[in-house]
Amino acid sequence: MDTLLHSLLVHSPVITDGAWGTQLQRKGLTAGQCPDAWNLTHPSKVEDIARSYVDAGSRVILTNTFGANRITLSSHGIADQTHQINCAGAMLSCKAAGERAHVFGSIGPSGKLLMTEEVTGEELRDAFTEQAAALREGGVQGIVIETMTDLAEARIAVEAARGTGLPVIACMVFDSGPNHDRTMMGNTPEEAVRELTAAGAEVIGANCGQGIERYVPICSRLHKATPLPVWIKPNAGLPTLVEGRVTYPTTAAEFARHATALKDAGATFIGGCCGTGPEFIRALVQTLTTDIP
Ligand SMILES: [Zn+2]
C-alpha cells in the first residue's frame, strides 16, 4: 500500500471532509454558476470552507475541483482556465490544511455520456490526465475520483490519475435499482471493486446519491469484496424542496449515530457528501475517534 495511506490508516477510521457544493451555495454560489471558478474569483471563500473542515477535525480534505475538467469547464466557457483552476484549488486546500490535514484532489465526472458517444474515451482520458497533473502541481497528496455513475468513465479517470504516481481513491454512486445498491448503469458494488481495482485504485469507495443508513450494506459488500481500504461519503439524506430551497433532512447528530455501523461494516475513510458540513465532521470525530493523538 502507498505509504501515506498506510500511515493514515494506523488510526482508523480516518475522518475526511464534508460537502463543498452545498457549502459554496451557502456562501452565495447561485444555480448555474461554476463552483470551480470560485478558486480564482472567490479564493478566500473557498479557503474558508477548507479551513472549516480542518478545524472540525478532518484528517483528509478535498479540493474545490469536482467539476474542473476541461469538458465540464467548457460548458461554462472557461476551458482555457482548466490548469489554473485546479492548481488554485489544490493550493487553497493545502494552505488551509497546513500541517494539520492531508489534501487529496477531487475529480468528478465529465457530465457527458460515453454510452451515447457524447464524449470519447480518449477525450475523457486527456481531460482527466490534464486535471490530475494540475492538481498534483498544486500540491495534493492523493486523487479522489468521486460521484462516478459510469464504471467505464471511472476506470478511465483512475488510469489517468495513476499517471501522477499519487494514490488514487475511486468512488461510485450507488443509488439505483430496486434495492438502491447499483450504479446508474446497473453495476453492483462487487463489479465496481473488480473494475476499479483492475484500473489501479488503491482505495475503493462510494459517495453521494443517498443517506448514511443505506450506505451501510453497500459498504459491507465493498469490504467483503476487497482487501483494499473502503472510503464512504453519504449524503445528509435525500434532498427535498422546501419553499423552493433544496434541504437535506439528516442532522449531524443523526448522521454520526449511523457512522458506527458504517465503521463496523468496514469503512476506513468516513466523511459526508451533499448536505453535510463541518458540524457533521465534528460529530463524526466525537463518535468515531478515541485514540487519535
Ligand atoms: Zn454528493
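This is a predicted model: local features need pLDDT of at least 70, side-chain atom pairs count only at pLDDT 80 or more; totals for chains, interfaces and linings use all residues.
**Exercise 1. Positive phi angles**

State what phi threonine 147 has and what phi glutamate 243 has. Then decide for each residue whether it is buried or exposed.

*Solution.* 

Step 1. Threonine 147 belongs to strand S4 (residues 142-148). Its phi is near 55°, which is positive in a residue other than glycine.

Step 2. Glutamate 243 sits in the loop between strand S8 (240-242) and strand S9 (245-247). Glutamate 243 is likewise not a glycine, and its phi is positive at about 50°.

Step 3. Threonine 147 has a relative accessible area of 14%, and is therefore buried. Glutamate 243 reaches 80% relative accessibility and therefore counts as exposed.

**Exercise 2. Helix H7 and its two partners**

Describe how helix H7 packs with helix H6 and with helix H8, and classify the residues of each contact.

*Solution.* 

Step 1. Two packed helices are described by the angle between their axes and by the distance between those axes.

Step 2. Helix H6 (residues 82-97) and helix H7 (residues 121-138) pack at about 40°, and their axes are 7 Å apart. An angle under 35 degrees would count as roughly parallel, and one of 65 to 115 as roughly perpendicular; H6 and H7 are therefore oblique to each other. Their crossing is right-handed.

Step 3. On the H6 side the contact includes Thr82, His83, Asn86 and Cys87, and on the H7 side it includes Glu130, Gln131 and Ala134. By class, the contact of H6 with H7 has 6 nonpolar, 5 polar and 2 charged residues.

Step 4. H7 and helix H8 (residues 151-162) pack at an angle of about 40°, with 8 Å between their axes. H7 is therefore oblique to H8. This crossing of H7 and H8 is right-handed.

Step 5. From H7, Gly121, Leu124, Arg125, Phe128, Thr129 and Ala132 take part; they meet Glu153, Ile156, Ala157, Glu159, Ala160 and Ala161 of H8. The contact of H7 with H8 divides into 7 nonpolar, 2 polar and 3 charged residues.

**Exercise 3. The zinc ion**

Identify the protein donors of the zinc ion and give their spacing along the chain. Then state whether cysteine 273 is buried or exposed, and classify cysteine 274 by its accessibility.

*Solution.* 

Step 1. The donors are the SG atoms of Cys208, Cys273 and Cys274, which lie 2.2 to 2.3 Å from the zinc ion.

Step 2. Along the chain, these donors follow the spacing C-x64-C-C.

Step 3. Cysteine 273 has a relative accessible area of 11%, and is therefore buried.

Step 4. Cysteine 274 has a relative accessible area of 23%, and is therefore partly exposed.

Technical notes:
Residues are numbered from 1 along each chain as its sequence is written. Side-chain values use heavy atoms; hydrogens and water are left out. Axes are lines fitted to C-alpha atoms, for helices over the stretch in contact, and angles run from 0 to 180 degrees between N-to-C directions. Helices (H or I, at least four residues) and strands (E, at least two) are DSSP runs, numbered from the N terminus. Angles under 35 degrees count as roughly parallel, over 145 as roughly antiparallel, 65 to 115 as roughly perpendicular and the rest as oblique. A crossing is left-handed if the near helix is turned anticlockwise from the far one by less than a right angle, and right-handed if clockwise. Contact means heavy atoms within 4.5 Å. Ala, Val, Leu, Ile, Met, Phe, Trp, Tyr, Cys and Pro count as nonpolar, Asp, Glu, Lys and Arg as charged, and the others, Gly among them, as polar. Donors are N, O and S atoms within 2.8 Å of the metal (3.2 Å for Na, K and Ca); water is not among the atoms, so sites may look incomplete. Buried means under 20% relative accessible area, exposed over 50%, partly exposed in between (1.4 Å probe, protein chains only).
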